[in-house]
Amino acid sequence: KRAIVLWRAAPRMDKVGHNYRWLWRLHWYRGETEEAARAEQTALATLEAVPPSAELAMAYSTRSQIHFLNGRTGEAVEWGERALALAKQFDDVATQVHAMTNIGSAMLFANDASGKPFMEESLALARRHHLHEHAARVYTNFSEYAIFTRDFPLAEQLVSERIAFDTRLTLDSWTYY
């Protein structure tokens, strides 16, 4: 919240929107849905009022993720595709990985196997660019899908890779998840 005040005084509205996006995520994790919704609306309104940016791409991807986590797969794919297109314009690999993970996860959990290439590509990009947290998230979502659909060979491969990866990088919260 303090960062928002400082960036607003700068004035750097892209950074104001970026910080509202983080508030949105933090409120969502804490189950504070009303606060999260207000932060989401403010983040998007702020970022859409300034020239397009990597921050806006990540806000779109965060919206995609929230839709996925709430079982709204169509909206997750739609917002993920919007985020992916914008992230590519800014060569923002982290947001590309985040958006592809949302798109692939939403497709897979909607019983659409064409989500697998999104997961495979996002994992490869995350690993190649040393985006460890993003790679851990891909492993988690992809392995959960494999377990859910009883694709046990894929599940065994992904879970084994994931535990080795998470352990080697001491990503304990992901390992235990």
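Reader: Which polar contact joins the side chains of Asn102 and Arg137?
Author: In this predicted model, the side chains of Asn102 and Arg137 are joined by a polar contact of 2.2 Å. A polar contact is a pair of N or O atoms within 3.5 Å; within protein, one must be able to donate a hydrogen and the other to accept it, and residues adjacent in sequence count only if both atoms are side-chain atoms.

Reader: What should I know about the numbering and the model itself?
Author: Residues are numbered from 1 along each chain as its sequence is written, and side-chain values use heavy atoms, with hydrogens and water left out. The model is predicted, so local features need pLDDT of at least 70 and side-chain atom pairs count only at pLDDT 80 or more, while totals for chains, interfaces and linings use all residues.

Reader: Thanks. Is Asn102 buried or exposed?
Author: Asn102 is buried, because its relative accessible area is 0%. Buried means under 20% relative accessible area, exposed over 50%, and partly exposed in between, with a 1.4 Å probe and protein chains only.

Reader: Where does Asn102 lie, and which residues is Asn102 in contact with beyond four places in sequence?
Author: Asn102 lies in helix H6. Helices here are DSSP runs (H or I, at least four residues; strands are E, at least two), numbered from the N terminus. Setting aside neighbours within four places in sequence, Asn102 is in contact with Ser61, Ser64, Gln65 and Arg137; contact means heavy atoms within 4.5 Å.

Reader: On to pockets. How much space lies in the largest pocket?
Author: About 540 Å³. A pocket is an open set of points on a 1 Å grid over the protein atoms alone, where a 1.4 Å probe fits, with protein on both sides within 12 Å along at least five of seven lines; lining residues have an atom within 4 Å of a point. Grid points are joined across faces, edges and corners, and the volume is the space filled by probe spheres set on the points.

Reader: Which residues lie nearest the centre of the largest pocket?
Author: Of the 20 residues that line the largest pocket, Arg25, Tyr29, Gln65, Arg137 and Trp174 lie nearest its centre.

Reader: And which helix gives the most to the lining?
Author: H8 gives the most, with six residues. At least two lining residues each come from H2, H4 (54–69), H6 (93–109), H8 (132–148) and H10 (172–176).

Reader: How do the lining residues divide into nonpolar, polar and charged?
Author: Nine are nonpolar, six polar and five charged. Ala, Val, Leu, Ile, Met, Phe, Trp, Tyr, Cys and Pro count as nonpolar, Asp, Glu, Lys and Arg as charged, and the others, Gly among them, as polar.

Reader: New topic, aromatics. How many aromatic pairs are there?
Author: The count is six aromatic pairs. Rings of Phe, Tyr and Trp (its six-membered ring) pair if their centres lie within 6.5 Å; planes under 30 degrees apart count as stacked, over 60 as edge-to-face and the rest as tilted. The pair of Tyr139 and Phe165 is tilted, because the ring centres are 5.6 Å apart and the planes are at 50°. That pair links distant parts of the chain, with Tyr139 in helix H8 and Phe165 in helix H9 (residues 152–168), 26 residues apart. Tyr139 and Phe165 are both buried.

Reader: Which residues form an aromatic cluster?
Author: Phe68, Phe109, Tyr145 and Phe148 form one.

Reader: Now the backbone. Which peptide bond is cis?
Author: The bond from Ala10 to Pro11 is cis, with omega near -25°. Pro11 is in the loop between helix H1 (2–9) and H2. Most peptide bonds are trans, and most residues other than glycine have a negative phi.

Reader: What is phi of Asn111, and of Arg150?
Author: Phi is near 70° for Asn111 and near 60° for Arg150, a positive value in a residue other than glycine each time. Asn111 is in the loop between H6 and helix H7 (116–128) and is exposed, with a relative accessible area of 70%. Arg150 is in the loop between H8 and H9 and counts as exposed at 64% relative accessibility.

Reader: Last one: which side chain does Asp14 make a polar contact with?
Author: The side chain of Arg12, at 2.7 Å. Asp14 is in helix H2 (residues 13–29) and counts as buried at 16% relative accessibility.
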